[in-house]
Amino acid sequence: MKTLTWNDLITNLDLYPELHLNFEYEKKQTIFPNYHITEFKLAKIQSVDCGGNSDSWTEIILQVLEPKIEKDTESMTLSKVNSIIKKVTNVMEIPSNAILRIEFGNDQSAMRQYFVSEMIPMENALLIQLKDGKTECKASTSCGLPKDVVSFPKLEKTNSSCCSPKQKNETNEPAGCC
């Protein structure tokens with residue numbers, strides 16, 4: 001899944017200041033237009049996968065609050081969003097390649113972080129499409145797992161370098177990368 005970055009958002013804000021910012025998630029549901037952008041979180045992540053490979057990246061997480069009651073109003077313009085972002089970037093530096101995430105939840109959907117898969121300029125709005133991420137084994141080549149694993153299947157014991165246990169286990173437990 002392609003994920004968009006902070007630079008993708010900033011570029012669209014500059015290109016279309018008159019458009020309204022709308023969000024679409026799960027099965028074409030939309031966040032109420034009277035939402036609030038409540039917080040910006042900058043996360044610097046360092047990881048080590050089950051194959052011993054290290055990685056690092058930065059994410060910028062915009063928290064969006066949907067009020068309990070939808071009001072018949074238009075959503076924020078990109079110009080308004082840009083003015084909020086200028087306040088934020090006066091306080092913290094956000095790398096242009098930071099992965100963009102939107103944190104959102106309501107009465108029907110638990111609070112979680114979505115990836116931004118597309119930004120679509122429309123007649124009077126910029127539609128941001130939110131997608132759930134998938135679990136992926138980054139050391140899939142050495143572990144033998146397919147790249148598109150959503151949930152880890154029950155695996156047989158293996159002798160690959162990253163997945164084999166340090167000692168021989170006499171249990172019937174399934175073996176996996178970690």
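I started with the largest nonpolar core: of its 32 residues, Trp6, Leu9, Phe23, Phe40 and Leu130 touch the most other members. For my own record, a nonpolar core is a set of buried Ala, Val, Leu, Ile, Met, Phe, Trp, Tyr and Cys residues joined through side-chain atoms within 4.5 Å. Buried means under 20% relative accessible area, exposed over 50%, and partly exposed in between (1.4 Å probe, protein chains only). H2 gives the largest share, five residues. Helices (H or I, at least four residues) and strands (E, at least two) are DSSP runs, numbered from the N terminus.

Note on the model: it is predicted, so local features need pLDDT of at least 70 and side-chain atom pairs count only at pLDDT 80 or more, while totals for chains, interfaces and linings use all residues. Residues are numbered from 1 along each chain as its sequence is written, and side-chain values use heavy atoms, with hydrogens and water left out.

**Whole chain**

I counted three helices and seven strands in the protein chain, in the order α-β-β-β-β-α-β-β-β-α along the sequence. Of the 178 residues, 39% count as buried. I also looked at contacts (heavy atoms within 4.5 Å). Among those between residues at least 6 apart in sequence, 63% join residues at least 24 apart.

**Helix H1**

Which residues of H1 are buried? I found Trp6, Leu9, Asn12 and Leu13. They sit on the same side of H1, because they cover an arc of only 135 degrees around the axis; the arc is that of the directions from the helix axis to the C-beta atoms. The face turned away from the buried side of H1 carries exposed Asp14 and Leu15.

The buried residues of H1 pack against E3, E4, H2, E5, E6 and E7. I checked leucine 9 by itself: leaving aside neighbours within four places in sequence, leucine 9 is in contact with Leu62, Ile85, Leu100, Met119 and Ile128.

E1 is mostly covered, with five of its six residues buried. I looked up its partners next; two strands pair if DSSP finds at least two bridges between them. E1 runs parallel to E7 over five bridges, and glutamate 24 stands opposite glutamine 129 in E7. With E2 (29–30), E1 pairs in the antiparallel sense over two bridges, and tyrosine 25 has glutamine 29 as its bridge partner there.

E1 and E2 form a hairpin with three residues between them. Lysine 27, in that turn, has a positive phi of about 50 degrees, and at 82% relative accessibility lysine 27 counts as exposed. Lysine 28 is in the loop between E1 and E2 as well; its phi is near 60 degrees, again a positive value in a residue other than glycine. At 66%, lysine 28 is exposed too. I noted these two since most residues other than glycine have a negative phi.

**Glutamate 123**

Last, I checked the loop between E6 and E7, where glutamate 123 is found. Is glutamate 123 buried or exposed? Glutamate 123 is exposed, with a relative accessible area of 82%. Its C-alpha atom is 8.1 Å from that of leucine 19, 104 residues apart along the chain.
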